[in-house]
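Here are my notes on this structure for a first reading. Please keep the model open beside them.

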Amino acid sequence: MEMNTKLWFDPAKLLVGGAWREAEGGGAIPVENPSTGETIASIAAGTAGDVEAAVSAAEAALDGEWGAMTATERGRVLLRWARLVEERAETLAFLESTDVGKPIAQARNDATALSRYFEFYGGAADKVMGETIPYQAGTTVLTLREPHGVTAHIIPWNYPMQILGRSIGAALAMGNACVLKPAEDASLSALAVAALAEEAGLPAGALNVVTGYGHEVGAALSAHPRVHHVSFTGSVGTGRRIQSAAAENVVPVTLELGGKSPHIVFDDCHLEAALPTLVGACIQAAGQTCSAASRVLVQRGIYEEVKAKMAAVYNGLVAGPASGGFDLGPLVSGKQKAIVTRYIAKGRDELTIAGEGRIDDSAPAKGHYVAPVLFADVPADHALAQEEIFGPVQVMIPFEDEADAIRIANGTDYGLVAGVWTENGARQMRLARRLHCGQVFINNYGAGGGVELPFGGTGKSGHGREKGFEALYGFSRLKTVSIKHG
Ligand code: NAI
Ligand code: MG
């Protein structure tokens, strides 16, 4: 790897049962730096055989040292892991930014968030409690929270460290043994983080990492009959396949499938406070964010003013190499650039462009850059206002009144996050209750929010909740014990 950084892991190997080894059959996948289009390393192309070995290793961990640990001991492992992530944060951020193309400052935030996930779930591990339930005379009933067993974690490429942290962190805190499949477009940070686990004292087999293609490793993992829970973040199509595969084995799934999240801007809002967030919550990670606020609904009376102000911001945005301190980096891959470019071309044909950024001259021609675009006066039912684009593209839609805003906001197949900008307290509460989504931000916008906040969707944004304390319930199952003692 042509990086001036000494790595503590071998990117070409898988982690199974505490041992680093090549994929069965020795297949490899090139690792691309999307800022330059250059191949910088290769990762192992895992197989169904590697998945089988990883599941067996996870089972052995549950039967062995890992399964015997107390909740407090599991928490301490996570806390040590959090410190190690913090110590290596600069290298982790560098890896992520090189592999995914996100500006280094955003990758540093991701490393900090990862450490915070391990810290949060480390602290929470021994605070998950059951209940006693009043029942018949002479009987005591109590509930136990137990791990599912072997859990599968299929994660995407947009926020590998953050999504790994929320998923693995909560699952391990509850005592599950994990098999992680990172995205083929971005596996380096997952391998780097897994390589720190042993140092943190995580027993062999509690976390296994099988890199490889989705249709191969991901499909084998989600259909594996000895996997007891599957958590997935990614596209609706793949989520549907994963839920179908898991249904064959009748195991629960958690699906986080992105969205078309709105900002709803009322004419009584504090506009200057809202403005940086209106744009920032979409172009973060070049728009490749599940909770990107890709629709901006603005009340008619201030619509032209907001349009002019947002357009001015867009006209100043610059995309460039991840290392360069630009507003946004390239997209993750040529495939993603092709998807986004098609949407922009459609918008150019059918809609009005209000503002448009540019690509810096220093950006290599083989990098996957897209200049950010703001479309205005977009009909609420237009494809660009309905479909997840997953690129730096935002649409503005005017609305008349509160009822109109709610109708438009709820009028997509998705429901992940919503931002509401108004100083009217009663209206804040009405919208919080009437919006169909998993998170509502009022006079702020978290793009998924902090580590502490439960997160997940409704409709095609998926189901189940990750993050916060709530995730611990998803990664466990409840057992009711009734004791007749007279
Ligand atoms: P994808 O959903 O296919 O990939 C996400 C993960 O699923 C990767 O690890 C991939 O290897 C795995 N996977 C793919 N096919 C699989 C299968 N048959 N069985 C099991 N696992 C499988 O998403 P992709 O193709 O990378 O991106 C396409 C679109 O998906 C994006 O344009 C965006 O709209 C959406 N997306 C949403 C994300 C979110 O955060 N909600 C993250 C990534 C993509
Ligand atoms: Mg890459």
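**Notes on the predicted model**

1. Isoleucine 133 has valine 141 in β6 as its bridge partner. The two strands involved are β5 (residues 132-133) and β6 (residues 139-147), which pair in the antiparallel sense over 2 bridges. Strands here are DSSP runs of E with at least two residues, helices are runs of H or I with at least four, and both are numbered from the N terminus. Two strands count as paired if DSSP finds at least two bridges between them.

2. A word on the basis. This is a predicted model, in which local features need pLDDT of at least 70 and side-chain atom pairs count only at pLDDT 80 or more, while totals for chains, interfaces and linings use all residues. Residues are numbered from 1 along each chain as its sequence is written, chains are lettered from A and ligands numbered from 1 in the order in which they are written, and side-chain values use heavy atoms, with hydrogens and water left out.

3. Look next at the hairpin of β5 and β6. There are 5 residues between its strands. Glycine 138 takes a positive phi near 70 degrees there.

4. β6 also pairs with β22 (residues 476-484), antiparallel, over 9 bridges. In that pairing, glutamate 146 has arginine 477 of β22 as its bridge partner.

5. Another open sheet has 7 strands and mixed pairing, in the order β15-β17-β18-β13-β12-β19-β20. Its edge strands are β15 (352-356) and β20 (439-442). Neighbouring strands are turned by 20 degrees against each other on average, direction ignored. Axes are lines fitted to C-alpha atoms, for helices over the stretch in contact, and angles run from 0 to 180 degrees between N-to-C directions.

6. β15 and β17 (residues 373-376) run antiparallel and are joined by 4 bridges. Threonine 352 stands opposite alanine 376 of β17. Helix α12 (residues 334-350) lies across β15, β17 and β18 (393-399), at about 35 degrees to β17. Contact means heavy atoms within 4.5 Å.

7. Which residues come nearest to ligand 1? They are Trp157, Glu184, Ser235, Lys335 and Glu388, out of 27 residues around the ligand. A residue is near if one of its heavy atoms lies within 4 Å. A polar side-chain atom of lysine 335 lies 2.6 Å from an oxygen atom of ligand 1. For glutamine 336, the corresponding distance is 2.9 Å.

8. Ligand 2 is a magnesium ion, coordinated by Glu32 (O), Asp99 (O), Asp99 (OD) and Asp185 (O) at 2.3 to 2.8 Å. Donors are N, O and S atoms within 2.8 Å of the metal (3.2 Å for Na, K and Ca); water is not among the atoms, so sites may look incomplete. Glutamate 32 lies in strand β3 (residues 28-33) and aspartate 99 in helix α4 (residues 89-100), so this pair ties together parts 67 residues apart in sequence.

Technical notes
A polar contact is a pair of N or O atoms within 3.5 Å; within protein, one must be able to donate a hydrogen and the other to accept it, and residues adjacent in sequence count only if both atoms are side-chain atoms.
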